[in-house]
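Dear colleague,

Please find the structure below, handed over for your own work.

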Amino acid sequence: MKYVALLSGGKDSCFNLLHCLKNGHQLVAAATLSPELGKDEIDSYLYQTVGQDGIALIADALRVPLYRRVIRGHPLEQGSEYGTTSPGSAGTPGDETEDLHLLLETVLEHHPDVRGVAVGAILSNYQRVRVEHVCRRFSLTPLAYLWQRNQVALLSEMLATHIDAILIKVAGAGLTLSHLGLSLSAMHPTLLRLHAMYGTHPCGEGGEYESFTLDCPGIFKGRIVLQETEKVNSIEGDVAPVAYLRIKKAQVMHKNEEDVFAEAQHTNVPVPPLLEPCFQHVRIQVARSLGSPLSCTLRAGISPSVSRSMSLPPSVRALGPWIAVGNVHAPSQNASHSIPEQLTQCFYNLKDILAKHSTSSSSEVLAKSAVITLFLPTLDSSTFSAANAAYSTFFGTSPPARACIAAGESVVIECVAWAPERSLANSEAHLRESQTRRSLHVQSLSYWAPANIGPYSQAISISPWTFVSGQIGLLPASLTLPASSNIPPPCPPDVECDSEIRSCLDASSLALETALVLQHTSRLIRAAPISCRKGDEGGFGGSDGASEEINADGQGGHVQLALYYLVDTHDLKHVQAGVTAANDPLTPTLYVVVSSLPRGARLEKVVVVHSGRCALSNPDPMDDDGEIVERIPEFLQGKLTTISGDGQLELYWEVSHFLPLSEACAVLFIRCPGGEACSSTVIVDAMEGAAEGLKSVPALSPFLTRTLTSKIFVRPGIELDKILPLINALFADEMPALTVVPSQSVTSRDEREWDWAVTLMAV
């Protein structure tokens, strides 16, 4: 795509241009925001303003037109998010972010074919969020290929491409006036030493220094030569003085065409590995499984169609600040309407329900929901696009996390909403401060993880929970599936000689899709904006897997519930081999085969994550802070068999809990060996007996009174009504919000198929 480069003059914005070129994008213009004439630098939260005297030189070296605008606004909105959650969210008048909006408006007037905006953000959530907000309003795609990169590795890659940049400002421990004007290559050992000693950012992401690029081989068609500079001391000090370099005279020495061509041919832009080592291992194990004899225990001849339409009326469960609504669907008379029309009606119905359980506007409560699961009859590309268009009219900045599945014959919505005004009791004062809704909403193309492909956030954190959107195996840099990409993924060196595995990798995209799905989920969890963390980092720490510390257990939280949606029963065995190879801690897990998934994906993973930060069981209601302890959830599993007359019921359960706290997740698997042949009377008795057995299991005690939401997965040919006696007997007057999901297959981690599976989340 054609794009405009947002230039600060620094190494990051210029190095990102090499990656834009590497990924096939065409630079047509440059744009920058600067202080008013006569000011070298202003106190901007968003823009690098030092070195603006040289920006025109960089544009000249790039041989593209430069568009400039003076910064008139101020950092009025300084939170981790920008804009409102209401639909059609605009910016904040007078904020410096709006200067960028005006700048891009000017660019688009001259270059209406621009579709992307390059930004050199590495770690600044503050910067990325605001650039993405402005881009979204113009339907532009942000290109941020340095996002979340490990800074030690990234700095080395910059130097390997022979980028020539100097320090133009210093403001960090160990950096002094004498370092101004020194090249990045000369400063490399010093920057690594300071990083080791003080934990400073090697790329200057903590504001330790700023740089100015003199040459970037491969994309610069000229080299900047500084002829006269002046060192200016802003704040004197022995530890971390603040000083900058004023460019007084410089010129561009243009390269001849032969040199430009030679540099382009010899500049090798390092691209980070597509998979981290642990997920490369997952890929290989799935390939091995694909090459082994099929030994799936699923019944043969499963119908390609799902069960007949099953429906329960909408149901709601409100506990503290949480409001869960299940099985929201359009009225039966709307069944012939288009999917976008049905979806719109579902949201109106949902808002009516939310209005009865909150004092806030139903539109506001919906917009600030934690997670929405959307079930559609089909997910072909046109339907998915039309559904996204209708869906987006209800949300603005930081929309809820979302999973999108094709199952059933009509549109159905499940929603977990959050209404903090419901928790006003003094006994919950210690929770109100910590329970802040924070989002991870990344809309930029990068190597890190996929940008959102719809109006949803990748994750929503409301302490102690993080809800992660459904992840499919997209290649992050292009947002394409491996099967549809023209770029073949690299084959690991250790399988070059293994022809059988290599043929499996070449013949099927499943191995790479599975590895990517697991890696995307892992990276999102690491980067999740856990609400108890303070500061602009919002939980981000460079989660590209380049550091061994990143993979520490529990980083970002603990998965308490994992759902795997597949579209082919034959993939199940192989996906489970990959999940096993990942060697993650045991957690309640369910595999479900459905009709289709977004973009034609073969696998989608949805998880619910707990931070592990638990309030003491009896906090002091007068203590707003409350004492918090770090805990690891306990995983338990068990079996139960009930016999009633000629009927026998098998039940298996998995639970993750923090007893004695009520925060827990579980999956119940139920099977009647007699299947459809069992009489309703026998099934009812067996189900009620099973409920009594489950009530006696201590690990399941939190669910009896605190279950917020539940999904019931039903395989073909099995009546929904037969499981309702168990649900009614188990919960009685404490019924959670229920959503029914017609499924082609319902399977546990041991590859056993079940008639029903019930997921539970207790708060």
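Arg223 is partly exposed, with a relative accessible area of 32% (buried means under 20% relative accessible area, exposed over 50%, and partly exposed in between, with a 1.4 Å probe and protein chains only). This is a predicted model, in which local features need pLDDT of at least 70 and side-chain atom pairs count only at pLDDT 80 or more, while totals for chains, interfaces and linings use all residues. Residues are numbered from 1 along each chain as its sequence is written, and side-chain values use heavy atoms, with hydrogens and water left out.

The side chain of Arg223 forms a salt bridge with that of Asp164 at 2.4 Å, N to O (a side-chain nitrogen of Lys or Arg within 4 Å of a carboxyl oxygen of Asp or Glu). Asp164 belongs to strand β6 (residues 164–170) and Arg223 to strand β8 (residues 222–235), so that distant parts of the chain, 59 residues apart, are linked (strands are DSSP runs of E, at least two residues, and helices runs of H or I, at least four, numbered from the N terminus). Asp164 itself is buried, at 17% relative accessible area, and both residues belong to a network of salt bridges that also includes Asp215, Lys255 and Glu263.

Across the whole structure, the search finds 25 salt bridges. Among them, Glu98 and Arg137 meet at 2.7 Å, N to O; because Glu98 lies in helix α3 (residues 97–110) and Arg137 in helix α4 (residues 125–138), the pair ties together parts that are 39 residues apart in sequence. Glu98 is buried, at 14%, whereas Arg137 is partly exposed, at 25%.
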